[in-house]
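The following note sets out points for a colleague who is reading the structure alongside its sequence.

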Amino acid sequence: MAAITAALCLTSATVALLPAPSSAAVTGPGGETVAEGRHTAQISRTEYGIPHILARDFDGLGYGYGYAFAQDNVCELADQVVTLRGERSRFFGPDGESGEGSNLASDTYYGGQLRAGTVRQLLDQKAPLGPTAELRRMVEGYAAGYNRYLRDTGVGKLPDPRCKGKPWVRPVTALDLWSVVYDVNRVTGAVALAPDIGDAKPPTAGAGGTVASGIPDGKDTTASQTSGTTAAASVIPGGQGLAAADVASNGWALGRDATRTGNAMVLANPHLPWALGNFRFYQVQLTIPGTLDVSGAGLYGTPLVEIGHNRNLAWTHTASDAQHASFYALKLVPGDPTSYVVDGKAEQMRRRTVPVTVRDQNGKLSTVERTLYTSRFGPVLSSAWTTRTAYAVRDANADNLRSMNAWLAMGKAHNLAQLRTAQNTYQGIPWTYTLAADTSGGTYFTDSSAVPHLTDAQRARCARPDSEEGPAALDGSTSACAWGSDPDALVPGLYGPSHQPRLSRTDYVANSNNGPQYTNPEAPLTGLPGVYDIDPHLDQRAQLGLRMIAERSDGTDGLGAPGFTEATLRASMLGNRVLSAETGRDDVVDMCRAHPSLTTTDGTEVDVRQACTTLARWDTRADTGSRGAALWITFFNRLLDGGPPDTWRRVPYDPAQPLTTPRGIKGDEVRVQRALADAVQDFAARDLPVDTELGAVQKWAGIPLSGCDVGCFDVVEAGPDSGTGTPTAGAFGSSFLMAVELTPDGPRAHTLLTYGESSNPTSPHYTDQTRLFSRKHWVTERFTQAEIAGDPALTVTTLHS
């Protein structure tokens, strides 16, 4: 232990003295070169396999990070790279595994990006538009570290059976990693529609000249790529934008007036898919003495901490409610479906031929040529392309590699003012709000994401309504409907910092994916451009979050004296309250007591007396052992799926009472009674008692999970087989949890990575933190070198190349 401790206690001077051996190199498929020399790093792993990377420079920091990540998740990054190189059809055949889009369409989209040199062109720009020199070195180091692990271990001896010995596991380049970053930045835009873009082709005669639409009923689109890259998008009602459907979160920044100690605190609770590599978080600490010391989590394959803290500052993100892309309806030239009219003049769509290598069922390789179509407004979609109209999508993050600049500068920031400067300088946060606090006890909220410059007048004038053929969109036949710009925007077409929502407080700022208006109800944010606040209504999760803060402030939540402590912050997070039940359970119990027999949707009469007793006894919490939670979740989802929202509410939405309406449930509504009957019928069909514990039907790799998706703050959606199978059955919800208090003596934090550090099902770190999550236990963070050295589970790896 003494030797290990000594190895950890490195000053900047001792780090500088570590040797720098000779250089080697690896070449990628496009001729890119990654130097593998002059890297030195230490990886200190504390309990639950959490890596703390210590290096003397950014080259070494990236090297250690890439190596550690590969140890835990080599298959995930290898799979992402196959997608981003447009090679899924080459290794897995042209047909998609998810049923939502083919490998061929995905390869067409990503192959087109490579041939266009999109990421290379962005890399050619100098900062702030292009990456800083520090980041370039870090990404080069990350690629070299990942490749070092592959070389040391050997593909045929990888510990993860999912990719052991597979030909698609190969060295990566810096370009691959920057492509990962670029893809993450556009999750709420073009990436969500990649299969649609990759399959786009002009209509042919017949069937009314319309290509089969991928937009059900012309109302919305949900696109998920094959294994390796998945995202979802939905058309914003009222048009002109896309939003990520599988990206959500809770975030609180609590100031000195909200805490009992007077120290600021931050709660991070992003909700993301558990089984998709590009949406999973990896927990890490990154340290260059005297330069950077930041702890938290980043998305797989990205080289930085994106949610986390340093000694003086902490921040989190939640998915912004703003629009980050726009649909445009193109008026086509009669007789030529690849030409469209703008301001009375015809323009030809640009075409790009993309060769895709395809493996057939016998393993034989061949090449097919595909074509991508692009308009002045962005790539053209396959969906709803007729002889009269085509649709294009313009993505506000189409030229964004700036995100890493912003996150690195935030990680270096000493206070909220420096965080604001970082975001204003780089304007790279792609699609999230930021909630932050510092040691002064202040808090800060902003939507500094990339948002199209569309005025309310433009949106009203240019909006085309939904049609049978396609989604709501802007009128692409006039340049008056194109995005404007701000003088302080780094990139034309976007709103600059002067228009972005911002709020500074000493009590709190909070968000649960609602618009910015009620970040703090005591100081509503109003008068914003409409693209920032699509729907001011608060859903039940957002209402519950604000209620939890208010009840902690006055001490009425049962957690003791008023005001937050770090312990009560954690208890609030995992209290598993269900607002839909708190405000509606008694109404349902009254109904079923009055109607012990109810009729299901298929006309079957069912006895609901036992269900009624179960709901009456339930404590309205979504804990693993709660009896009644599983029944309520099934009932409430049936209720939500039964037709227009809120018609069954006892108290409908009232704009004058946004924090408490709608609420209650009308027990005399046939829809309500049918939903309960259907839920009871569903339990009987699955041979489950109506009082089945929630943890018996909601699991990850066999481990019971708490939480829900019907008014829970702690969102979890999972089936009994989640985390098992090949491919792994998915789950969604709370992923990286962080509760941090910024004390004068340094940060005091607890964390939870709900699915563990490794995606390898054979790794001890695949479910170790899931078991903690199931028991509502947290990991005490080790931030200082002394805390790291004091961990009995400590292991240290020193890397030189």
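**Disulfides, strands and cores**

1. Cysteine 75 and cysteine 163 are joined in a disulfide, with their sulfur atoms 2.0 Å apart. The pair connects distant parts of the chain, 88 residues apart: cysteine 75 belongs to helix H3 (residues 58–84), while cysteine 163 is in the loop between helix H7 (133–153) and helix H8 (174–185). The link is left-handed, with -80 degrees about the S-S bond. The model is a predicted one, and these values are to be read accordingly.

2. The structure holds four disulfides in total. Counting the bonded cysteines along the chain, their pattern is 1-2, 3-4, 5-6, 7-8.

3. Another of these disulfides is formed by cysteine 462 and cysteine 481, whose sulfur atoms are 2.0 Å apart. This pair, too, links distant parts of the chain: cysteine 462 is in helix H12 (residues 456–462) and cysteine 481 is in the loop between strand S23 (473–475) and strand S24 (502–505), 19 residues apart. The link of cysteine 462 and cysteine 481 is left-handed, with -90 degrees about the S-S bond. Both cysteine 462 and cysteine 481 are buried.

4. Cysteine 708 is bonded to cysteine 712, at an S to S distance of 2.0 Å. With 105 degrees about the S-S bond, this link is right-handed. Cysteine 708 and cysteine 712 are both buried.

5. Strand S9 (residues 281–288) is mostly covered, since eight of its eight residues are buried. Phe281, Gln283, Gln285 and Thr287 point one way from S9, and Tyr282, Val284, Leu286 and Ile288 point the other way.

6. Which strands pair with S9? Strand S10 (residues 292–299) runs antiparallel to S9 and is joined to it by eight bridges; here leucine 286 stands opposite valine 294. S9 and S10 form a hairpin with three residues between them, and glycine 290 in the turn has a positive phi of about 80 degrees.

7. An open sheet is made of three strands in the order S16-S17-S18, with antiparallel pairing. Strand S16 (350–359) and strand S18 (378–379) are at the edges, each with a single partner strand, so one side of each has no neighbour in the sheet. Strand S17 (residues 365–375) pairs with S18 over two bridges, and serine 375 has glycine 378 of S18 as its bridge partner. Helix H5 (residues 103–116) lies across S16 and S17, at about 125 degrees to S16.

8. The largest nonpolar core has 94 residues, and those with the most contacts inside it include Trp252, Phe281 and Leu569. Strand S32 (residues 736–743) gives the most to this core, with six residues. Leaving aside neighbours within four places in sequence, leucine 569 is in contact with residues including Trp252, Leu254, Met265 and Ala739. Apart from this core lies another, of 91 residues, among them Leu122, Tyr300, Trp315 and Leu416.

Terms used:
Residues are numbered from 1 along each chain as its sequence is written. This is a predicted model: local features need pLDDT of at least 70, side-chain atom pairs count only at pLDDT 80 or more; totals for chains, interfaces and linings use all residues. Side-chain values use heavy atoms; hydrogens and water are left out. Two strands pair if DSSP finds at least two bridges between them. Helices (H or I, at least four residues) and strands (E, at least two) are DSSP runs, numbered from the N terminus. Contact means heavy atoms within 4.5 Å. Axes are lines fitted to C-alpha atoms, for helices over the stretch in contact, and angles run from 0 to 180 degrees between N-to-C directions. A disulfide is a pair of cysteine sulfur atoms within 2.5 Å. Buried means under 20% relative accessible area, exposed over 50%, partly exposed in between (1.4 Å probe, protein chains only). A nonpolar core is a set of buried Ala, Val, Leu, Ile, Met, Phe, Trp, Tyr and Cys residues joined through side-chain atoms within 4.5 Å.
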